[in-house]
Each structure stands twice: as structure tokens, then as C-alpha cells.
Amino acid sequence: MKRIVPIILASLLTSVLFATGPVKLLNVSYDPTRELYQDFNAAFAKYWKAKTGVDVEINQSHGGSGAQSRSVIDGLQADVVTLGLAYDIDAIAEKAKILPTDWQTRLPNNSTPYTSTIVFLVRKGNPKHIKEWSDAVRDGVAVITPNPKTSGGARWSYLAAWGYALRHDNNDDAKARAFVTHLYKNVPVLDSGARGSTATFAQRGLGDVLLSWENEAHLALKEFGADKFEIVYPSESILAEPPVAVVDKIAAKHGTTEVAKAYLNYLYTDEGQEIAARNFYRPRNEKVTAKYAASFPKLTLFTIDQVFGGWQKAQAKHFGDGGVFDQIYQAK
Amino acid sequence: MSAVGRKRVPRTEARWVRWVLISLAVGLTIFFIVLPLAAVFIQAFDKGWAVWQAAVTEENARKAIFLSLMVTGIAVPLNVVFGLAAAWAITRFQFKGRNLLLTLIDIPFGVSPVVSGLIFVLVFGAQGWLGPWLADRDIQIIFAVPGIVLATVFVTFPFVARELIPLMQSQGSEEEEAAIVLGATAWQMFRRVTLPNIKWGLLYGVVLCTARSLGEFGAVSVVSGHIRGLTNTIPLHVEILYNEYNYTAAFAVASLLSVVAVVTLLLKKVLEWKTREART
């Protein structure tokens with residue numbers, strides 16, 4: 001035993017100091033992308049090996065989008081970030097200054113290789129007849145959604161509800177606020193991330209409707225059985241754009257800039273888009289979109305730029321300290 | 001305590017009161033402890049032995065187990081050294097700040113583990129006090145193994161010291177003084193007199209410390225960064241599996257921790273008995 005300890009310590013030290021072997025990438029992502037990146041990482045590693053002969057090992061970290069952003073700001077060594085919404089990458093650019101603030105212009109489609117939206121997951125047979133956003137604010141309907149302060153999906157859900165109200169009530173901000181206040185009065189529990197809320201709804205059986213990422217709703221059907229739940233598409237919802245970016249300074253330090261860029265670009269290829277579509281993310285590529293059209297019912301999707309003037313504005317007004325969400329949730 | 005207080009109070013309760021109280025206590029124990037523990041094992045072996053084995057030998061699980069063992073292997077010896085030093089100082093010497101030291105040792109007991117984790121983020125994080133200095137030298141503490149070790153050492157800090165202090169206090173220092181008078185060196189005295197006297201208490205502290213190191217979730221979760229295969233300890237791996245709808249695997253890995261808990265309990269009982277024997 002006495003002999004083993006120094007050997008272990010020495011080997012640990014050398015493995016830390018002289019890391020050899022495959023190139024390593026760390027992808028810091030948000031909650032619902034676990035299955036997506038499991039598939040995608042395997043495909044990319046194969047592609048990269050064939051192209052360059054180099055082995056690449058991609059490590060994953062998942063959590064609520066806001067919490068993950070915070071970790072990268074505090075020093076989590078992410079070569080790439082693939083988060084739930086643009087503001088969380090903006091925050092990294094502003095606070096840690098490890099990537100430029102115009103990061104979103106560097107890749108096509110606002111650096112968003114796939115999109116999603118917010119849909120309703122209800123119990124089989126839809127016993128409470130929830131078909132539209134206006135049904136979710138009715139008295140006696142229990143709504144499950146995570147905390148917008150920590151979860152990206154929850155912020156998209158909140159903005160989807162607000163946007164729906166604006167568009168159905170002559171852009172009246174006060175009425176939209178009342179609508180969203182009603183909605184959150186119906187929320188019995190706020191989990192910190194999308195996964196937690198899905199478990200609350202599906203596993204623990206709480207609530208009548210889960211405001212869910214489209215991909216997360218499909219996954220829940222797959223995991224828990226299509227005989228227990230069904231997905232309801234409201235007439236309109238928000239176009240959720242989960243963006244991706246290379247974290248310049250960290251990738252440069254690790255010498256992984258080239259492979260990190262190739263990794264993100266690969267998301268835009270036919271194969272990358274197919275993997276996204278198979279995991280229920282809406283692809284950008286028209287060919288792949290057409291192929292998977294049956295998986296993605298058409299609905300009116302408004303963007304955050306159209307309705308809220310972009311993430312910076314929406315974040316400051318709704319989710320900042322003392323913002324609208326704080327006011328309506330405290331008033332509860 | 002007064003003499004009256006120590007006297008045995010005669011049993012005046014009616015039979016049914018006793019019966020209700022006992023069944024209440026037994027019922028609650030079964031409901032809150034036995035049932036959940038049984039549920040863990042039932043879920044773990046829900047899909048059979050092969051699935052259980054696959055779950056605990058899968059690559060990320062193996063790495064999580066290795067990391068937890070490594071962190072424990074560092075944290076426990078550190079705490080043994082510290083615990084011995086602190087208990088020695090506090091029970092054998094009178095000095096200014098002795099009470100302060102006693103209080104400080106207890107801080108990790110009083111602080112929520114999440115706060116313990118955040119303390120390290122504030123100090124060593126990229127935006128923290130030492131962050132820029134560490135970054136310039138390319139030293140990674142938070143979101144890497146050193147951070148996990150630090151957080152674990154912090155939360156397990158009091159276990160050994162807290163166990164040894166009362167034991168050494170009750171034993172007094174006469175035997176040690178005798179050894180010195182008879183010409184023993186300090187090391188001889190420690191090895192031949194002090195250590196044999198406190199060994200059961202020390203082991204008891206080590207057992208508690210080990211159990212907590214393996215099981216710590218909150219503080220480690222804050223500083224880990226949750227990178228699969230790199231900075232995930234056993235409890236964090238359980239959470240990940242659970243969040244991936246992989247319930248059987250989650251409970252399989254959790255069953256390992258439950259085994260640790262049961263073994264700890266047994267060792268604790270044995271050591272408690274040995275310690276009491278040593279004290280009398």
C-alpha cells in the first residue's frame with residue numbers, strides 16, 4: 001500500500017501535466033440536449049478521425065442553461081458552449097470576456113443550427129381540454145414549468161405566453177402581464193431545470209400540463225410511453241433558438257480552436273441536421289426539414305426579435321433582479 | 001445535573017400510551033428509513049443482476065467510483081492528521097484562542113454544503129479573488145479534481161477532531177506524563193501511549209469521515225462542473241442517471257452508496273462499543 005500511493009500520485013500528476021492521447025473537447029450544454037449530443041459526438045468523432053486521423057474525445061456537462069453559463073463565467077473550461085438561449089452566451093462574453101460580444105454573427109442562422117419551440121405535454125386524453133395558451137391560465141389548471149431565473153426552457157415558455165397574449169390583445173403590455181401573472185398563479189412548483197420539471201410532471205404525476213421544449217416532450221413520450229401522455233401544439237408559440245459558440249480564449253489555451261470550430265460546423269451538415277431532427281430538434285436545412293416534416297407539425301412561430309426586441313431587452317425587463325418575473329411571482 | 005434529575009422516573013404511563021409511543025417510533029422508523037432503503041435495492045435489482053452489474057461497471061460509473069475513492073483517499077488522511085493535531089492542541093494545552101479554534105472546527109457542521117461550495121467558487125473561481133492569479137499560471141482548481149477535494153475536506157473537517165476531543169479530554173494526560181518522566185521520546189509516547197488509547201475513537205472518526213466523503217453531494221455539486229467521466233463523483237453520477245430517465249442504473253449506483261451506509265452503521269456500532277470499553 002505504501003508503495004502504491006506515490007505511484008498513483010505520480011501518474012495522476014503526469015496525466016495532468018502531460019495530457020496526451022486524443023484531443024479533448026468540453027461541450028458545456030443545457031439540460032435537454034443529453035441524447036442529442038450523445039449521438040452527435042459519436043458521429044463527429046468518426047468524421048474527424050476519417051478526415052484528419054486524429055481521435056477526438058468530447059466531454060459533456062449538462063445543467064440548467066443559466067447555471068451552466070454561470071459555471072463557464074466562474075471558470076468551467078468549456079471549449080464550446082451549446083446553451084438554451086443567446087443571452088446566456090452574451091453573459092459569458094460580457095462578464096468573463098472569453099469570447100467576443102458579436103459571437104452570434106459568426107455562424108449561420110444566428111449561430112443556431114437547430115431550433116425548437118414550446119409545446120404542451122398533457123395527460124392521455126387531455127382531460128382538462130388544454131388546447132391553447134388561454135387554457136393554461138384557466139382556474140383549476142395546474143401548470144408545470146421550471147424557474148425562468150435558472151432555466152432556458154422556462155424563459156422561452158414565459159416569453160411564449162407573453163407573446164401569445166400580446167398578439168391576441170392588441171399588443172397591450174398590461175394585459176399580457178395579467179395573462180402571465182395568471183399563468184404563474186397556476187404553477188405549484190418551480191424546478192431549476194427542464195429535466196426536473198419533466199420528472200415532476202411525468203414521474204411524480206404533478207400538474208395537468210407541462211410547458212415543455214418540443215424535443216423534451218417527444219423524449220418524455222418515448223421514455224414513459226405514448227399511452228400516458230400526449231403532445232398538444234398551441235396555435236402559436238415562440239421560435240426557440242438555442243445557439244452554439246466556440247469559447248475563443250479557452251479553445252486557444254487548449255489548442256483546440258480548429259477542432260472546436262469543425263465540431264460546431266458539423267452541426268450544420270446534412271448528417272448533423274439529421275441527428276438533430278431524429279432527436280426532435282427542428283433542423284435548419286430545407287432538405288432535412290422536408291424529410292422529417294411529419295415529426296414537426298406546423299404552427300405559427302414568432303421570434304424574440306419580433307416581439308421583444310431581442311434577448312438583451314427581454315432579459316433586462318423580465319428576468320433581471322426585480323424584473324417583471326420577480327414582481328409577479330412574489331405577488332403570488 | 002441535580003441528583004433528583006438523575007433518579008429514574010417511575011413508569012406511570014398507562015399501558016396503551018406506552019404501546020402507542022413504541023409503535024409510533026417503530027412505524028416511523030420503518031416508514032422513513034427501512035422502506036426507502038429497501039426501495040433503493042428493489043429498484044436497483046428491478047431488471048436483474050446483469051443490468052445492475054452493467055450499470056455499476058459502465059465506463060462513466062467506473063470513473064465516478066474511482067474519483068470518489070480518490071477524493072476520499074486524500075480527504076480522510078488529511079482530516080486524520082488535522083484531527084489529531086487539533087485534538088492534541090485543544091485537550092493538552094491551554095492557550096489563547098482555544099475556544100475560538102473549537103468553534104471554528106464546528107463551522108462546516110453549521111454551514112449549508114451549498115454555501116461551502118460557493119465559498120470555493122468565490123475564492124478560486126475565474127471571477128474570484130485568486131481567479132486571475134491562478135489563470136495566469138494555468139492552475140485549475142474549481143471545476144476540476146482539486147476543487148472537489150477541497151470541498152470534501154471542508155465538509156468533513158470536524159469529523160475526526162470532534163470525535164477525539166471528548167475522548168482525549170476524559171482520558172486526561174497522566175499516562176502521557178508518566179511516559180515522558182520515564183524517558184520516552186515524544187514520538188514513542190505518541191505511538192505507545194496516546195495512539196492505543198484513542199485508536200477506537202480515531203477509527204470511528206475515520207469511518208464517519210469516509211462515509212461523508214463518499215456521499216457528499218451539495219458542496220461537490222457546486223464546484224464539480226458536472227463533466228461526465230472527469231469531475232463526477234458517485235452521488236453526482238446518480239443524479240445524472242436519474243435525470244436521463246435511466247432509473248434502474250441510477251438506483252443501481254445508489255445501491256452502492258446504500259451499502260456504504262449500512263457498512264458504516266455496522267462499523268459505527270462496533271466502534272462505539274469499543275470506544276466505550278476504552279473509556280472505562
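In chain B of this predicted model, residues 24 or more positions apart account for 75% of the contacts with a separation of 6 or more. The secondary structure of chain B comes to 14 helices and zero strands, and buried residues make up 35% of its 280 residues. Chain A, by contrast, brings strands into the picture, among them β4(A) and β8(A), which run antiparallel. Here is a friendly tour, topic by topic.

**Chain B as a whole**
- Reading along the sequence of chain B gives the pattern α-α-α-α-α-α-α-α-α-α-α-α-α-α.
- Taken along the principal axes, a box of roughly 65 × 60 × 30 Å holds the C-alpha atoms of chain B.

**A closer look at B:I141**
- You will find B:I141 in the loop between α7 (131-136) and α8 (145-156) of chain B.
- Not counting residues up to four places away in sequence, B:I141 touches B:F124, B:L134, B:P146 and B:G147.
- B:A126 is 15 residues from B:I141 in sequence, and the two are 9.7 Å apart in space, C-alpha to C-alpha.

**The nonpolar core**
- The largest nonpolar core has 153 residues.
- The residues with the most contacts inside this core come from both chains: A:V80, A:V81, A:A161 and A:V247 from chain A, and B:L164, B:V223 and B:V253 from chain B.
- Take B:V253 as one example: leaving aside neighbours within four places in sequence, B:V253 is in contact with B:A55, B:V56, B:A61, B:I234, B:H237, B:V238 and B:L241.

**Where chain A meets chain B**
- Here 17 residues of chain A are in contact with 17 residues of chain B.
- On the chain A side, the elements that give two or more residues are β2 and α3 (65-73) of chain A.
- β2(A) gives the most to this side, with five residues.
- By class, the side of chain A that touches chain B has four nonpolar, eight polar and five charged residues.

**The two domains of chain A**
- The domain assignment of chain A gives domain 1 (4-112 + 241-267) and domain 2 (116-240 + 299-330).
- The C-alpha centres of these two domains of chain A lie 29 Å apart.
- Their contact takes 18 residues from domain 1 of chain A and 21 residues from domain 2 of chain A.
- On the domain 1 side, α3 and α4 (86-95) of chain A each supply at least two residues, and α4(A) gives the most, with four residues.
- That domain 1 side has eight nonpolar, five polar and five charged residues.

**Helix α12 of chain A**
- Which residues of helix α12 (residues 257-266) of chain A are buried? They are A:V259, A:A260, A:Y263 and A:L264.
- Seen down the axis of α12(A), these buried residues fall within an arc of 135°, so they line one face of the helix.
- What covers the buried residues of α12(A) includes the strands β1 (23-30), β2 (56-63), β3 (80-82) and β9 (244-246), together with the helices α2 (34-52) and α11 (248-254), of chain A.

**Strand pairing around β8 of chain A**
- Two bridges join β4 (residues 114-123) of chain A to β8 (residues 236-240) of chain A in an antiparallel pair, with A:S116 standing opposite A:A240 in β8(A).
- Three bridges join β8(A) to β11 (residues 300-302) of chain A, and these strands run parallel.
- Within β11(A), A:F302 is the bridge partner of A:I238.

Note on methods
Residues numbered from 1 in each chain as written. Chains lettered and ligands numbered in written order. Predicted model: local features only at pLDDT ≥ 70, side-chain atom pairs only at ≥ 80, totals over all residues. Buried ≥ 20, exposed ≤ 12 C-beta atoms within 10 Å, placed from the backbone. Arc of directions from axis to C-beta. Contact = placed C-beta atoms within 7 Å. Nonpolar A, V, L, I, M, F, W, Y, C, P; charged D, E, K, R; others polar. Core = buried A, V, L, I, M, F, W, Y, C linked by C-beta atoms within 7 Å. Pairing = 2+ DSSP bridges. Domains from an automatic or database assignment.
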